[in-house]
Amino acid sequence: MPGRRVVITGVGAICALGHNRHEIEQAARSGRSGAQRVTRFDASTIACQIACEIRGWDAEAYFGHEAKKLDLFTQYGLKAADEAVEDSGIDLSRIDLWRASVVTGSGIGGLHEIERQYRILLEKGARRISPHFVPKMMVNALSGQISIKYGLKGENYATASACASSSHAIGL
């Protein structure tokens with residue numbers, strides 16, 4: 001479409017190399033790898049025991065008691081969005097919030113919550129599954145939370161197309 005463009009106004013990130021873009025840039029420039037032994041589950045029975053886990057993340061310190069209402073992918077995404085909004089320097093009070101959209105990409109969404117609630121189902125029964133299960137695990141939980149936090153009222157949705165999710169989100 002002629003005349004339409006995507007503009008990246010701010011950058012935010014959290015990954016195995018760091019919890020913000022400056023930490024990540026410094027680690028990457030120094031040649032440090034984020035790959036380490038798996039710690040989130042017992043990997044002793046599988047051939048590959050190396051992964052790029054985000055370590056040292058304290059959701060309670062960042063979100064307070066609200067952390068319990070957010071799956072890890074939403075926590076990470078909100079943290080990165082906060083950094084990107086700050087980095088952008090955009091004064092949200094000076095823009096038309098009906099024209100400000102949020103499109104995110106994820107391979108699955110709240111996989112951590114899906115796994116956790118499945119264990120609860122097996123161990124304690126269906127009545128013990130959290131009423132927050134669906135809102136935490138759905139792939140558009142992140143885009144919804146970003147929109148709510150910043151009062152953005154434009155289009156809001158999420159792509160779920162595996163490794164291409166972020167590229168599809170940018171294109172959309």
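Predicted model: local features only at pLDDT ≥ 70, side-chain atom pairs only at ≥ 80, totals over all residues.
**View 1. Arg21 and Glu25 pair within helix α1.** The two side chains form a salt bridge, with the closest N and O atoms 3.5 Å apart. Both residues belong to helix α1, which covers residues 21-29. They sit four residues apart, so about one helical turn separates them. An α-helix has 3.6 residues a turn, so residues three or four places apart point the same way. Glu25 is partly exposed because its relative accessibility is 33%, between the limits of 20% and 50%.

**View 2. Arg21 also meets Asp87 in a salt bridge.** The N to O distance here is 3.0 Å. This pair links distant parts of the chain. Arg21 lies in helix α1, whereas Asp87 lies in helix α3 (residues 72-88). The two residues are 66 residues apart. Asp87 has a relative accessibility of 33% and counts as partly exposed.

**View 3. Lys69 and Glu66 form a salt bridge.** Their side chains meet at 3.5 Å, N to O. Lys69 is partly exposed, at 41% relative accessibility. Glu66 is partly exposed too, at 33%. Elsewhere, shared partners join the salt bridges of Arg21, Glu25 and Asp87 into one network. The whole structure holds eight salt bridges, among them Arg21 with Glu25, Arg21 with Asp87 and Lys69 with Glu66.

View 4. Just after the helix comes Gly125, with a positive phi of about 100°.

**View 5. The buried residues of α4 line one face.** These residues are Glu113, Gln117 and Ile120. Seen down the helix axis, they fall within an arc of 50°, so they share one face of α4. Helix α5 (133-137) is included in what covers them.

**View 6. The opposite face of α4 carries exposed residues.** Leu122 and Glu123 are exposed there, on the face turned away from the buried side. Glu113, by contrast, is one of the buried residues of α4.

Technical notes:
Residues numbered from 1 in each chain as written. Heavy atoms only, no water. Salt bridge = Lys/Arg side-chain N within 4 Å of Asp/Glu carboxyl O. Buried < 20%, exposed > 50% of the residue type's maximum accessible area, 1.4 Å probe, protein only. Arc of directions from axis to C-beta. Contact = heavy atoms within 4.5 Å.
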